[in-house]
Amino acid sequence: MRVLVTGGAGFIGSTLVDALVARGDEILVVDDLSSGKRENLPAGVELAELDIRDADALAALADRFRPDAVHHLAAQIDVRTSMADPLHDASVNVLGTLSVLRAAQASGAGAVVVCSTGGAIYGDGAPLPTTESEPADPESPYGLSKLAAERYTRFFVRAHGLPALVLRFANVYGPRQHPSGGAGVVSLFCDRARTGGRPTVFGDGGQTRDFLFVGDIARAALASADRLAAGELAGEVFNVGTGTESTITELAATIGRVAGLDPAVFTPEFEPARPGELRRSCLDPSRGIAALGLPQPTALADGLAATWAWHTSRG
């Protein structure tokens with residue numbers, strides 16, 4: 001297959017690219033390298049350094065490449081950034097997604113997988129683990145922009161017959177997630193453990209997240225594209241998570257154990273909670289597992305071991 005991956009030089013996107021390379025696909029990565037890195041990509045993978053908001057350039061690129069499948073991962077992912085600059089957040093996540101959808105439609109793509117967020121769309125107060133039937137109730141501009149991107153995706157399915165679906169991710173972690181910018185808490189805690197620091201917890205540490213290993217996303221994305229190409233599941237929305245809550249203080253303790261640190265030393269430092277962050281979040285992945293034929297999600301201990309190994313390999 002010929003596969004176009006937006007955001008393919010990021011830690012999630014490059015993990016998907018690795019899986020596509022392993023099965024012999026021809027890949028075009030579109031990434032502006034604002035957070036992605038060239039070195040994340042395997043040798044021989046074509047990279048177009050392009051902002052997805054450049055709609056005409058993206059359309060021309062897709063017309064030249066003629067992808068069989070499009071995986072859309074490029075996004076503004078930081079809740080804090082969305083709170084401070086909602087205009088920028090919406091321009092990337094809404095207008096950028098529209099550019100991708102338009103380019104995919106015009107180029108005749110047979111499968112379009114749009115990556116979204118779970119917790120930020122459902123909001124606080126949703127029953128846990130949260131199913132896809134729960135009403136959307138975003139509490140940050142980030143959640144709002146991702147919800148708008150989802151709705152535009154479903155519009156393209158209905159109005160234009162675009163074979164597309166949406167995957168809502170839990171809190172993703174894994175190798176190549178650098179502890180800078182809008183990095184996830186797992187990457188930040190691993191970096192503190194590696195450098196001899198203490199983990200910083202914003203809030204009281206009792207807030208929960210559903211920690212999803214990045215390899216599970218690659219499997220879900222590949223399965224989604226295959227089912228769409230077979231003429232199935234267009235317009236669907238699936239959670240991709242583990243169905244298990246972990247508190248932030250529990251996460252810090254687990255990373256300390258994986259790193260072999262003295263629990264009396266690797267203790268959190270607490271800072272005030274940040275605006276826009278959810279208190280609890282956990283996704284029910286059972287519907288997607290059944291529909292896409294996915295294996296059970298990676299256990300947190302196993303995923304953290306692989307992530308810690310990557311952090312220690314950085315020297």
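Predicted model: local features only at pLDDT ≥ 70, side-chain atom pairs only at ≥ 80, totals over all residues.

Reader: Which residues of α7 and α11 make the contact?
Author: On the α7 side they are V186, S187, C190, D191, A193 and R194, and on the α11 side L304, T307, W308, H311 and T312. By class, five of these residues are nonpolar, four are polar and two are charged.

Reader: How are two packed helices described in general?
Author: One gives the angle between their axes and the distance between the axes.

Reader: What are the angle and the distance for α7 and α11, then?
Author: Helix α7, residues 185-195, packs against helix α11, residues 300-313, at an angle of about 50°, and their axes are 10 Å apart. The angle therefore makes α7 oblique to α11.

Reader: Changing topic: is the peptide bond from L128 to P129 cis or trans?
Author: That bond is cis, and its omega is near -10°. P129 belongs to the loop between α5 (119-122) and α6 (141-160).

Reader: What about R176, is its phi positive or negative?
Author: R176 has a positive phi of about 80°, although it is not a glycine. R176 is located in the loop between β7 (171-173) and α7.

Reader: Is R176 buried or partly exposed?
Author: R176 has a relative accessible area of 22%, so it counts as partly exposed.

Reader: And what is phi for L233, and where does that residue lie?
Author: L233, a residue other than glycine, has a positive phi near 75°. L233 lies in the loop that runs between α8 (214-229) and β11 (237-240).

Terms used. Residues numbered from 1 in each chain as written. Heavy atoms only, no water. Axes fitted to C-alpha atoms, helices over the stretch in contact; angles between N-to-C directions. Helix = DSSP H or I, 4+ residues; strand = E, 2+ residues; numbered from the N terminus. Parallel < 35°, antiparallel > 145°, perpendicular 65-115°, else oblique. Contact = heavy atoms within 4.5 Å. Nonpolar A, V, L, I, M, F, W, Y, C, P; charged D, E, K, R; others polar. Buried < 20%, exposed > 50% of the residue type's maximum accessible area, 1.4 Å probe, protein only.
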